[in-house]
Amino acid sequence: MVKVYVPRDSTALSLGADRTAKAIQAEAGKRGMQIELIRNGSRGLFWLEPFVEVATSEGRVAFAPVQPKDVPSLFDADFLNAGAHPLNLGLTEEISWLKKQQRLTFARSGITNPVCLDDYVAHHGYKGLNNALKMTSAEIVKAVTDSGLRGRGGAAFPTGIKWNTVLGAKGEQKYIVCNADEGDSGTYSDRMIMEDDPFVLIEGMTIAGIAVGATQGYIYLRSEYPHALKTLNEAIAKAEQAGYLGQNICGSGHAFNLEVRRAAGAYICGEETSLLESLEGKRGQVRFKPPLPAIEGLFGKPTVVNNVISLATIPIILDEGAQYYADYGMGRSRGTLPIQLAGNIKQAGLVELAFGATLRELLYDFGGGSATGRPIRAVQVGGPLGAFLPESQFDTPLDYEEFSKIWAVLGHGGIVAFDDSVDMSKMARYAFEFCAIESCGKCTPCRIGSTRGAEVIDRIVANRGNAKEHGKQVQLVRDLSDTMINGSLCALGGMTPYPVLSAINHFGEDFGIESAKKAAT
Amino acid sequence: MVADLTTQEKLDMASKIDAHIAKNQHMPGALLPILHAIQDDIGWVPEACYLPISKALALSIAEVHGVVTFYHHFHTHPVGKHVLQICRAESCQAMGSEKLEANVKAALGIDYHETTQDGAVTLLPVYCLGNCACSPAVMLGDDVYGRMTADKVAEIVAEARAA
């Protein structure tokens with residue numbers, strides 16, 4: 001029976017993948033043809049969803065994008081035997097957009113059925129755990145440290161060092177908490193892992209538990225991801241049944257249990273201490289640090305808090321070895337970064353590459369330029385707290401330190417492109433507005449500064465013709481930003497000035513500043 | 001709208017609330033799971049649940065109120081049969097979500113946090129649906145839709161109303 005693949009990823013669904021799947025099934029029935037319809041994950045070529053594939057002796061052949069109206073003509077063209085058709089893109093693996101990538105964390109995404117454990121195991125799944133079960137805790141932690149993996153949620157803290165602290169912390173009960181509160185605009189790689197390859201996250205968390213001696217894990221999942229919730233719960237149930245989770249993992253004597261907890265629409269809960277408060281059933285207010293969560297985290301116990309991508313990268317490190325992973329990348333940014341192209345971009349989707357590629361390569365070679373066909377004027381990298389970059393900075397390599405040098409951040413690897421119709425003063429205002437909506441209210445610079453900031457931006461725009469007042473207001477927003485950067489408890493207040501000041505510095509004309517001053521911050 | 005409930009409806013609601021509390025109260029950090037269970041079932045989080053929750057979890061009513069109102073996801077008032085969320089975040093802005101918001105509001109005749117007269121649709125802003133590769137995005141119930149225009153939104157709303 002011919003295997004036909006239609007993704008179940010929610011972006012594919014958002015473009016009608018369910019209707020396409022139904023149409024293919026119905027058309028096959030009508031023609032008396034037997035097919036095996038598999039709902040796989042997405043390959044991440046989102047501009048081509050619904051991305052249908054047919055298994056042939058040569059490999060999988062892609063037809064995309066397929067809408068229900070295209071289905072009869074696909075059957076007429078004998079697409080089940082890779083027949084010629086305008087939507088036939090040839091062998092999936094040979095599509096250059098995909099072929100040029102270095103998929104380590106996303107090695108299986110789009111290839112397997114996300115909730116089929118056998119499929120996972122047949123594609124290198126649980127090899128990392130098998131290796132980890134033969135190692136001591138210290139050896140596992142060392143492998144993670146040696147791989148150079150840094151927290152992919154945005155803070156880029158070395159994962160191995162965090163784990164080592166929890167390993168060394170005394171406590172009867174320790175926890176592994178997965179931060180799946182992916183709230184940054186322009187990011188969706190966490191969602192993809194959870195919907196398209198959930199077992200890799202489960203395996204990564206299990207390894208983390210064994211490494212630091214934690215027996216309970218929580219995935220704190222944002223409420224905006226109902227599909228991910230269903231997929232994760234289905235995968236967890238299957239892993240439990242097969243003995244990959246539970247009281248005696250693979251007969252090793254190690255216990256690890258996993259539960260998904262739903263967040264409730266507060267952006268601040270992506271901050272690790274707010275997240276822990278929320279998991280404990282409280283308002284998601286930021287905690288003072290120290291104590292670090294690694295020492296006193298969830299319910300006061302030593303806790304590893306890692307992002308989805310960090311945890312989902314653990315299995316390949318334990319499978320292929322620390323050196324294999326560390327061989328990718330540049331400088332102190334080792335391994336790969338799953339980059340998410342978003343916003344006004346023609347070929348949006350997931351691009352996993354070793355650190356070091358430039359923004360320009362991503363925006364033009366992969367992204368194909370803007371969706372509207374107009375020049376790309378600005379990009380925001382790293383979510384709503386990331387800086388806006390002008391074209392003169394598009395040659396910056398994606399590397400934590402290189403970005404830091406230009407007062408920007410890589411964050412969670414989301415890149416949002418804007419064409420030349422964007423008004424950067426509106427974007428700066430929005431940054432303050434968003435901070436005001438999402439502030440937890442604990443510290444004054446964030447709680448009050450965000451509202452005052454939006455007002456000052458309004459006054460800057462209103463006083464374009466009044467040089468004296470205008471200059472005063474621009475200085476005021478710089479002073480306010482300084483207070484927020486240095487006086488906020490967490491990154492929400494502390495980094496809102498990144499989009500604001502980068503917009504003012506690089507796109508001063510939108511604020512009525514004739515010569516955009518590259519003021520040092 | 002709460003005042004419109006009959007005594008029987010109030011009793012039904014109370015028994016549902018009690019059942020969700022009983023089922024979830026023993027898990028660590030039980031408050032959010034309880035609130036989710038109530039909203040999934042009833043559609044919103046009525047103030048009537050504060051007292052029984054506070055008793056079950058040994059919290060003050062103020063603490064329960066504080067948590068309910070902290071999180072955007074929890075509705076403190078009844079919502080329409082369908083909840084339509086429009087993404088307002090940067091990626092969607094880059095693809096014209098501002099215009100989409102204005103047009104959808106005009107077509108439905110309501111602003112954010114309001115419900116259409118027939119009680120069919122409640123409109124809410126949302127900050128990222130993780131569908132940023134296909135902006136602008138909206139969510140109707142649990143379903144995400146990408147590359148939206150006001151006409152397409154009108155279509156899916158009409159479909160939902162007819163269903």
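This is a predicted model: local features need pLDDT of at least 70, side-chain atom pairs count only at pLDDT 80 or more; totals for chains, interfaces and linings use all residues.
In this structure, A:K426 is joined to B:E98 by a salt bridge whose closest N and O atoms are 3.6 Å apart.

**Interface of chain A and chain B**

- The interface brings 60 residues of chain A into contact with 40 residues of chain B.
- About 3800 Å² is buried between chain A and chain B, and carbon and sulfur atoms give 56% of this area.
- Polar contact across the interface of chain A and chain B amounts to 26 residue pairs, with both residues at pLDDT 80 or more.
- On the side of chain A that touches chain B, the elements giving two or more residues include the helices α1 (10-14), α11 (226-241), α12 (272-279) and α17 (424-438).
- Strands also give two or more residues to this side of chain A, namely β7 (216-221), β8 (257-262), β12 (336-343) and β16 (414-419).
- Of these elements, α17(A) gives the most to the side of chain A that touches chain B, with seven residues.
- By class, the side of chain A that touches chain B holds 29 nonpolar, 18 polar and 13 charged residues.

**Domains of chain A**

- Chain A is divided into four parts: domain 1 (2-95), domain 2 (117-326), domain 3 (330-419) and domain 4 (424-511).
- The centres of domain 3 of chain A and domain 4 of chain A, taken over C-alpha atoms, are 23 Å apart.
- In the contact between these two domains, domain 3 of chain A takes part with 15 residues and domain 4 of chain A with 18 residues.

- Between them, domain 3 of chain A and domain 4 of chain A bury about 1400 Å², with 76% of it on carbon and sulfur atoms.
- A:L385, A:F388 and A:W407 supply 51% of the area that domain 3 of chain A buries against domain 4 of chain A, more than any other three residues.
- Two salt bridges are counted between domain 3 of chain A and domain 4 of chain A.
- A salt bridge also links the side chains of A:R377 and A:E509, at 3.2 Å from N to O.
- Three residue pairs are in polar contact between domain 3 of chain A and domain 4 of chain A, both residues being at pLDDT 80 or more.
- The elements giving two or more residues to the side of domain 3 of chain A that touches domain 4 of chain A are β14 (376-381) and β15 (388-390) of chain A.
- That side of domain 3 of chain A consists, by class, of 11 nonpolar, three polar and one charged residues.

- A:S481 is found in helix α20 (residues 467-487) of chain A.
- A polar atom of the side chain of A:S481 lies 2.8 Å from the backbone oxygen of A:V477.
- Not counting residues up to four places away in sequence, A:S481 touches A:P497 and A:L501.

- B:H20 is placed in helix α1 (residues 7-24) of chain B.
- Apart from its neighbours within four places in sequence, B:H20 is in contact with B:I34, B:A37, B:I38 and B:D41.

Technical notes. Residues are numbered from 1 along each chain as its sequence is written. Chains are lettered from A and ligands numbered from 1 in the order in which they are written. Side-chain values use heavy atoms; hydrogens and water are left out. Contact means heavy atoms within 4.5 Å. Buried area is the accessible area (1.4 Å probe) that two parts lose on being put together, summed over both. A salt bridge is a side-chain nitrogen of Lys or Arg within 4 Å of a carboxyl oxygen of Asp or Glu. A polar contact is a pair of N or O atoms within 3.5 Å; within protein, one must be able to donate a hydrogen and the other to accept it, and residues adjacent in sequence count only if both atoms are side-chain atoms. Helices (H or I, at least four residues) and strands (E, at least two) are DSSP runs, numbered from the N terminus. Ala, Val, Leu, Ile, Met, Phe, Trp, Tyr, Cys and Pro count as nonpolar, Asp, Glu, Lys and Arg as charged, and the others, Gly among them, as polar. Domain bounds come from an automatic or database domain assignment.
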